[in-house]
Each structure stands twice: as structure tokens, then as C-alpha cells.
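Colleague: Before we discuss packing and charge pairs, could you put the model on the screen and say how its terms are defined?

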Amino acid sequence: MPRTVFVFLNGEDGLSPAQQSAAAKEEAWAALGAYWTALEGTLDPAKVEKASDNALIGNAEDVAAQILARFHPDDCLMLWFDFFNHDSARVVRNMEAFASDVVPAYSLKLDLVKDAPAAAEETEATEATEEVEETPEAETAEETPAAEA
């Protein structure tokens, strides 16, 4: 069963990654606030905050990191890009940015996470080998004649 997720991605040209993240957060807050206000007639900041915890918000790197942190690689995500966004051209740009920027960033991060245990095992094996090799031969040679005498 797919997991439905709101996506508030800002990959707009002319903005730094920090500005994209800030703009995405503002867009998410406005959309989720409007949603809760429409449902209940009053804005409850706690509900907006909780809803934003269930959304992917930020620039491409932010969103990729959130997916990696919150979902299993086998999860099927149903992404909702047009939540309270009636600017069709912007929705299309967000979807294109997801495909061209988030997916590769997520794949790279996922590969790094998958490779981390193997790299850690390799590092441990290398360190163990180096420890054995650090035993000075001179000490071993000196001990041998003393043991024979």
C-alpha cells in the first residue's frame, strides 16, 4: 500500500539552497495552515506543525535526506505535489525537480548508506591487519634468543 506524502519542494532557479529551503517551508506552512483552517474554521499551529512532519519539505537535498530518514527503501510513496497549489506550471516544475534532482540525490545517499556497513567492515579488517603489522620485528628477534638460553 502506498504511503501518501505531501511534497513541498522548491527548486526554483535564482535561489540559493538555503533560500529554496526557507521558501519551501513558507509554502508548506501556508498550504497546511489553509487546509486546517478550511477543515475546522480556525488555525491550530500544532496541527500545522504535525502535518508538516508528515510532508517532505525543502530543496532537493533536504527532500532526499527526509525520504532516506523516514521511509524504508521498499516503501512505495504516493507523492502529492499540488496540495493547495493551483499554479500548474509550478507544480510541473516541482515534479520535474523531483525527478531530476531529488531522485538522483536520494539514490546517491541510499548507495552510501548501503555501502557503509561494508566499508566499516573493510576498515575494521584493515585496522586489524595494521595492528598485527605494527609489531616490531626487532622485539620478536630479541625475545627468541632469550627464550632459547
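Modeller: A nonpolar core is a set of buried Ala, Val, Leu, Ile, Met, Phe, Trp, Tyr and Cys residues joined through side-chain atoms within 4.5 Å, where buried means under 20% relative accessible area, exposed over 50% and partly exposed in between, with a 1.4 Å probe and protein chains only. This is a predicted model, in which local features need pLDDT of at least 70 and side-chain atom pairs count only at pLDDT 80 or more, while totals for chains, interfaces and linings use all residues. Residues are numbered from 1 along each chain as its sequence is written, and side-chain values use heavy atoms, with hydrogens and water left out.

Colleague: Which element supplies the largest share of the largest nonpolar core?

Modeller: That core has 17 residues, and those with the most contacts inside it include Val7, Leu56 and Phe98. Strand 1 (3-9), helix 3 (60-70) and helix 4 (88-133) each supply at least two of its residues, the elements being DSSP runs numbered from the N terminus (helices H or I, at least four residues; strands E, at least two). The largest share, seven residues, comes from helix 4.

Colleague: Which residues does valine 7 touch, not counting those up to four places away in sequence?

Modeller: Contact is taken as heavy atoms within 4.5 Å. With residues up to four places away in sequence left out, valine 7 touches Leu56, Leu79, Trp80, Phe81 and Phe98.

Colleague: How many residues apart in sequence are the parts tied together by glutamate 12 and arginine 90?

Modeller: Their side chains meet in a salt bridge at 3.3 Å, N to O, the criterion being a side-chain nitrogen of Lys or Arg within 4 Å of a carboxyl oxygen of Asp or Glu. Because glutamate 12 lies in the loop between strand 1 and helix 1 (17-40) and arginine 90 lies in helix 4, the parts that the pair ties together are 78 residues apart.

Colleague: Is arginine 90 buried, partly exposed or exposed?

Modeller: The side chain of arginine 90 also meets that of glutamate 27 in a salt bridge at 3.0 Å, N to O. Since its relative accessible area is 11%, arginine 90 is buried.
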